[in-house]
Amino acid sequence: MRWDNLVENGSTTRNSALFAADAVTTRTFDTPEFRGITFHEIRARSILNRVPGASRMPFEWTVNPYRGCTHACVYCFARKTHSYLDLDTGIGFDSQIVVKVNAGELLQRELASRHWRGEHIAMGTNVDCYQRAEGRYRLMPGIITALRDRANPFSILTKGTLILRDLELLRQAAEVTEIGVSVSVGFTDRELWRTVEPGTPSPERRLDVVRALTDAGIGCSVLMAPVIPFLGDRPEQLRATVAAVAEAGAASVTPLVLHLRPGAREWYMDWLRQHHPHLVERYERMYAGGAYAPTWYQRRITRQVHELADEFGIGPAHRGEARRIAPAAPPAPAAAPEPGPTQLTLL
């Protein structure tokens with residue numbers, strides 16, 4: 001997706017500035033949380049994205065209000081997507097953030113189309129929709145409102161704590177449709193967190209989100225991702241993470257081993273050479289066959305996590321399962337009604 005597919009004005013030129021001045025508004029904010037970050041505000045032409053048929057994802061539609069992510073996770077598989085805009089997939093991915101400022105109103109319009117069939121929509125599957133930029137741009141309230149008003153099922157995956165700001169909207173949506181919320185916590189090792197996920201809230205704060213959502217009646221799952229070979233996969237690390245997930249009240253935990261797609265692979269391997277040079281050769285062997293770790297390794301991690309989950313009383317998520325808040329109990333009638341005819345139903 002190039003710039004001319006993202007903006008209403010199709011006159012974008014591919015010059016040294018990457019886009020025409022009348023197509024994109026570029027902003028910087030002189031505040032500590034956004035220092036060094038550039039925001040490119042665009043008015044997108046569409047917001048519903050169809051997942052390619054060859055994808056491994058268990059959903060067909062996504063909404064991505066942002067491109068690029070200040071979480072700056074060194075392993076992020078979405079880095080490659082920045083190259084589609086002629087932007088850098090390393091530091092540029094972490095600091096050049098595309099903001100679709102009309103996301104909410106655009107989604108309202110697209111959901112109202114006679115061609116839309118109300119399919120499940122996944123969010124947070126490319127970059128985090130609750131990254132720091134969301135605190136300023138507040139795109140998600142409009143998006144969730146549009147989904148709620150159309151009773152359209154959806155799911156959110158996040159590492160961000162900002163999702164709690166929208167808790168009431170999530171509760172309202174859960175009363176009318178199926179929703180799913182998952183928080184990504186691959187490990188609880190604080191030293192590892194500081195080096196590979198420098199822009200994210202700590203694992204402890206993310207687990208606080210799980211706890212708060214659960215307490216509010218919205219079941220929350222944990223995607224234990226990524227499990228990082230040779231850095232976050234020791235038995236005691238896996239045990240500590242699953243124990244913390246269970247203590248937070250997660251409905252389920254699903255492990256996912258690190259995968260290194262083109263774009264992310266180069267950036268991650270450069271980071272590995274700087275911080276853990278003794279592991280470079282082991283990684284080159286492990287990922288010699290492509291983006292994914294060998295099947296035997298993935299199965300081993302999955303088995304270990306599932307055994308720990310059983311021990312701590314939680315289980316793996318069922319693919320495609322959505323979480324729904326329990327409806328409030330109806331008020332008791334003032335007096336018992338007279339018996340009447342019973343209507344049988346097939347459902």
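A crossing of two helices counts as right-handed if the near helix is turned clockwise from the far one by less than a right angle, and as left-handed if the turn is anticlockwise. Keep in mind that this is a predicted model.

By that definition, helix α10 and helix α13 cross in the right-handed sense. Helix α10 covers residues 235–247 and helix α13 residues 295–312, and their axes lie 9 Å apart at an angle of about 45 degrees.

Which residues make the contact? From α10 they are Pro-235, Leu-238, Arg-239, Val-242, Ala-243 and Ala-246. From α13 they are Ile-301, Gln-304, Val-305, Leu-308, Ala-309, Glu-311 and Phe-312. Sorted by type, the residues of this contact come to 10 nonpolar, 1 polar and 2 charged.

Now the strand. Is β6 mostly covered or mostly open? Strand β6, residues 96–100, is mostly covered, with 4 of its 5 residues buried.

With strand β2, residues 38–42, β6 pairs in the parallel sense through 5 bridges. In β6, Ile-97 has Phe-39 standing opposite. With strand β5, residues 66–67, β6 runs antiparallel, and 2 bridges join them. Here Arg-67 is the residue opposite Val-98 of β6.

As background, side chains in a regular strand alternate between the two faces of the sheet.

That is my part; questions are welcome.

Technical notes:
Residues are numbered from 1 along each chain as its sequence is written. This is a predicted model: local features need pLDDT of at least 70, side-chain atom pairs count only at pLDDT 80 or more; totals for chains, interfaces and linings use all residues. Side-chain values use heavy atoms; hydrogens and water are left out. Buried means under 20% relative accessible area, exposed over 50%, partly exposed in between (1.4 Å probe, protein chains only). Two strands pair if DSSP finds at least two bridges between them. Axes are lines fitted to C-alpha atoms, for helices over the stretch in contact, and angles run from 0 to 180 degrees between N-to-C directions. Contact means heavy atoms within 4.5 Å. Ala, Val, Leu, Ile, Met, Phe, Trp, Tyr, Cys and Pro count as nonpolar, Asp, Glu, Lys and Arg as charged, and the others, Gly among them, as polar.
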